[in-house]
Every structure is written in structure tokens, then in C-alpha cells.
Amino acid sequence: MIAYILRRLGMILLTLLAASIIIFSVTQLLPGDVAQVILGQFATPEAVANLRAELGLDRPIVVQYFDWLIRFIQGDWGTSMVSRMEVRPMVMARLRNSLMLASVAILMYVPLGILLGVISAIKEDGMADQLISGISMAFAGLPEFVTGLLLIGLLAVSFDFLPANSSIEPDTPFREAFQYLILPAITVSLTSLGYISRMTRSSTIDVLRSDYTRAADMKGLPRWQVLTKHVLRNSLLPTVTVVALGIGWLIGGLIVTESVFGYPGIGRLLVYSIQRRDVISIQAISMVIVTIYSFSNLIADILYGILNPRIRLGG
Amino acid sequence: MQSAQPAKPVPASRMARAFKRLRRYPATLFGFAVVGIFFLMAIFGPMVAPYKFSDQKLINKLKPASAEHLFGTDQFGRDIFSRILTGSRDVFSIAGSGTVLAVLLGLTLGLLSGYLGGMADEFLMRLMDVLLSIPPLLLAMIILGTVGPSRLNIVLVVGFLYIPMVSRVVRSVVLDIKTREFVEAAKMRGESNFYILFREILPNVLPPLAVEASMRFSYSIFLVASLGFLGLGVQPPSPDWGMMVSEGRTWFNLAPWVLLYPAGTIALLVVGVAFMSDGLRRMLLPGGVSN
């Protein structure tokens, strides 16, 4: 198992390296260059050349890449071209907010998704199943800005029930931020809910059809006991993996949702930085997101390996 | 040996049974109907739109729905119904072309990867892993933020982003098919690789590929609409649905319809495509073939 984890970890590091090359080269493709963006279009050519030299932009691109990568790993993420502030503390503060939002969302959609998935599986192809899969599929397909705005219209504007705007101060403590997290968390949840319930449904159906479930049924055990002791115990294990795999969805959802609600998370910062063409911030934010994404995939792989030992042999 | 005959993907009788099954799923019928209507809208919409999408009449701004303006007017007095009709062409052509591009490239890479195996397979799949290591929306945003969101760029980005998903599906089917008897038989008959790939393997790849393509189409619409909302879609004055929603936020309290009609349209189309895709899966992959 250790060897398996190490091999996966090595793979992830290689992938991250490749991803960093993609991120760096894509953001460096900017027409015009960073020095020009910082100084504005009316800067004299000498001033631009000076700043280029100061920022090291006159060096070969490969040298610039390795310099950037090494600094990033060491924790020196540079200074924002727009706000002139250190990028790392800014990104970290926003990351904390995104994690708060993500946690509230996960606590909403994982239990609910499992519940709906199990109900669907028990009533396979019945009315409840079709209704649940239809509705959750519809929500899974809806972009977050559509559901988010519909929720704002319904709960915030019509009933004045919850705050429609979540643009709180970036360093608000969780307790105070909580009420601003509810609508965005519901929005993110609606997209991921269908995924969890669909996966739970199919793994539960598999277990329901298994020989040991039939055996338990035939022994005359009460239905609920078969369900809790034999079915759920086995069918819910894969769902753990599904949750980790779903982090990719969640990240995409957060970027849009934070923009809808003006919530100061890392996704909102990314959108803002792209609008301002703040390359330094874009690079740092992208690297942080890709790292989180890769490690959640690694965790999914490891959990899957633990739960399903056969997979390790193949590798 | 009956397997000498190239495997036909879906025989007529299976098709008929598939349609019979379809009737039991009203959601699927709904999905096909919605996609059909939107498809017609994309072709004829801009021609039959009652107003030009850019016609401004400031006197008429932020008017609710009426006989004159079916969905009301926006902050510039433009007819929202006409703007949605006109915008449908961009949504369909951009998400559609992006999907077609991803399917063609993904099919090619998947066939090669699965059929050749060995080093080529390993290399291509690791390359796909790298692409998959960046969340699609993030990659789309940084690329379009850099090169600028023109129609062509959005199509290329969508096509490029979804290559890995398509090629993985194709590859897994190829790996499964290439050890079957009818492929072995064709090899023993001395058929060329070209023949085996296109006459023996491809027909079996098509049903799962069609299902995958329809799913990619729904994700593409999702992605293109989200990019539009974030300001990285087709630029004004073109009526981009996502951007219409984004701009409508300013007038939400005063004139919610400015936002609600385009948002509702996106919702209807996306849900329609999702239901259609689910229906295709039921029809073409009755055994519940995995991806």
C-alpha cells in the first residue's frame, strides 16, 4: 500500500509540474507584456525596458519559468500587479473563505445526496427514483449562476429571508460569515447533489443484487436490517471516493458561485485578477487550485485502493 | 463464423425496441423535443425575430412583458425575446462546434491509443492526465483571459478541453473490442489495420461515442454560458445569454425579467440536453455500459 501511495504521489508531482508549465506558458502568452500592463499604455519605451530588466523579463523564458516555479515552491508568490500587495497572504485569506464555503456545501450535499441515492436504489425505476433522478439531473445541469440568481430571487428578494449579497470582509470569522454562506452553499450543493446521489444509487443497486443480500433476505431478516447491516455498509464505501472525486466539480462551481454572490473567495479573486490581467495573481491562484485538485484526486485514488484492494495490483 | 460480419452497432429491431422503451421515459421525450425546438430556433430564430437584437429604444427601457415585447425590454429598450432568439445561434454553433471538435480529436486519439497500445498509448494517456489535472473552467478562463474571447477561440478552447474525456471513453471501448473474436478473425484473414479500425472497431465505438458526445454537448453549453456570465463569452453587442444574465443583475429588483428570461432559457436548454443525453444512454447502451 505504501508503495502504491508513493507511486501515485510521484505521478501527481509530475502532473503538477506539467500543469505548472501549461499555466506559466498560457499566462505568459499575453499580448504586450507584464511591464507594459503595469505601467499602462502611455509609458515611455525606456521606462518599460527598465521595468522589464527589474522584473527579469528580459531573460530567456525557460529561465523565467524555473525562477517562478522555485519561488512559488519556496512560498514567494510575488506582488500583485494591481493592488501592489503580497500575493500569498491575499490568496491564503481568500482560500480560507472558499474552504469555509466548500465545507458548508459538502455538509449539505453529501448526506442529502446519499439519502436520495439510497431511496432511488430501493425504489429502482419507480416513481420516486425517476423523480429524484430527473430533478437532480436537472439541477446538475444548471449553471450555478442560474440557480444562484433564482435562489436570490426566491429567498432573498421575495421573502427577505437571507442576505442576497455575500460580499463580506475577507477576514470575517466563520460565526459571523455563516448566514452569508447559506445561499452560496445551497447553490453549489444543487450542482453536486445529483452526482453523489447517482453514484450512491448505482453502488446500492449493485449491492442489492448481490448474493449476500439475497441470502440475508432469504434468511428472513427484516428489510430495514438487511438495508442497514448488509447493503448500506457496503454500498456507501465507494461514495467516499466519489466525494473526493467531486472536488473538481466543486471548484468550478465555487468560481461561478462566488462571483454571483460577490463572496470573497479564491474563485472571485481569480475572476477579478483575469479582468485586471494581473498575471502574477492568476499564476498563483491557478497553481493553488490545481494543487488542491490533484491532491483530492490522489486522496480519491488512495481511498479507492484501500476500499478495493484488487486495484493496487494493476497500478 | 458469424463474427466475420462487421458488427452493426444498432440493428433495426433493436432501434424499434429502443423507441418503445423511450415512451416509458417522458423526460427523454421532453429532452428530444426541447433540443429540437432550440435547434430550429438557432437556424431560423435570427430571421423571424420581431426586432433586431441591437435595436435600442430608450423610451421603452425596462418594460415588462407585453404583446409588443413578449419577454419585455432591457435597460436599453432592446427586445429581450429577439435577443434570446438571436443569441441561440451562438450558443448552438459555439457549444456544438466545440463538441464536434472534441469528439473528432478525442475519437482519433482514443482509437490510436487503444489500438496501438504500448508506448504510444502510455504517452497519450499521460498527456490526457496532464490536461485533466487542471479544472476545465479554470483552464478555459486563463486561456480566454489571455488570448481574448473571440468566437473561434471559445470553440477551440471547448474542443481542446474535452478531448481527454472523449478519448478515454473511446480507448476503453477499443481495448474491450480488440480482443474479441471478430477482430481476431479479421486479423487472421489478413485485413489491413485500416480495415480493422474502421470496419470492425469503429461501429462498436459509435454508440458509446454518441452518448458521450451528447453529454459533452450539455457540458459545453454549461461552460459557454458560465464563461459568458464571467465576461469571457462572445463579446457585446452580440447577445450572449450568460452576459445578458450578468448584466440583468443590476436591474434585478426593478426589472427581474431582464435576467429571468435568459436564465430560464439557459436552464431549459441545459436540462433538455441532459435529458436527451440520458435517453440516448438508455437507448444505445441498454446494458448500462460504463464509461
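Mentor: Gladly; here is a walk through the contact, followed by the chains behind it and the confidence scores. Keep in mind throughout that this is a predicted model. The contact draws 37 residues from chain A and 34 residues from chain B. On the chain B side, four helices each supply at least two residues: H4 (118-132), H5 (136-147), H9 (193-229) and H11 (257-284). Of these, H5(B) gives the largest share, with nine residues. Sorted by class, the side of chain B that touches chain A holds 25 nonpolar residues, seven polar ones and two charged ones.

Now to the partner. Chain A has 15 helices and zero strands, and its C-alpha trace spans about 85 × 55 × 30 Å along the principal axes. Of the 315 residues in chain A, 42% are buried. Within chain A, if you take contacts between residues at least 6 apart in sequence, 73% of them join residues at least 24 apart.

As for confidence, the model scores 0.86 for ipTM and 0.86 for pTM. Chain B has a mean pLDDT of 84, with 91% of its residues at 70 or more. Among the elements of chain B, the mean pLDDT is highest in helix H6 (residues 151-161), at 94, and lowest in helix H1 (residues 12-23), at 67. Residues 1-8 of chain B have pLDDT below 50, and this stretch has 13 contacts in the model beyond near neighbours in sequence.

How values were computed. Residues are numbered from 1 along each chain as its sequence is written. Chains are lettered from A and ligands numbered from 1 in the order in which they are written. This is a predicted model: local features need pLDDT of at least 70, side-chain atom pairs count only at pLDDT 80 or more; totals for chains, interfaces and linings use all residues. Two residues are in contact if their C-beta atoms, placed from the backbone, lie within 7 Å. Ala, Val, Leu, Ile, Met, Phe, Trp, Tyr, Cys and Pro count as nonpolar, Asp, Glu, Lys and Arg as charged, and the others, Gly among them, as polar. A residue is buried if 20 or more other C-beta atoms lie within 10 Å of its own, exposed if 12 or fewer, and partly exposed in between; C-beta atoms are placed from the backbone. pLDDT is the predictor's confidence in each residue, from 0 to 100.
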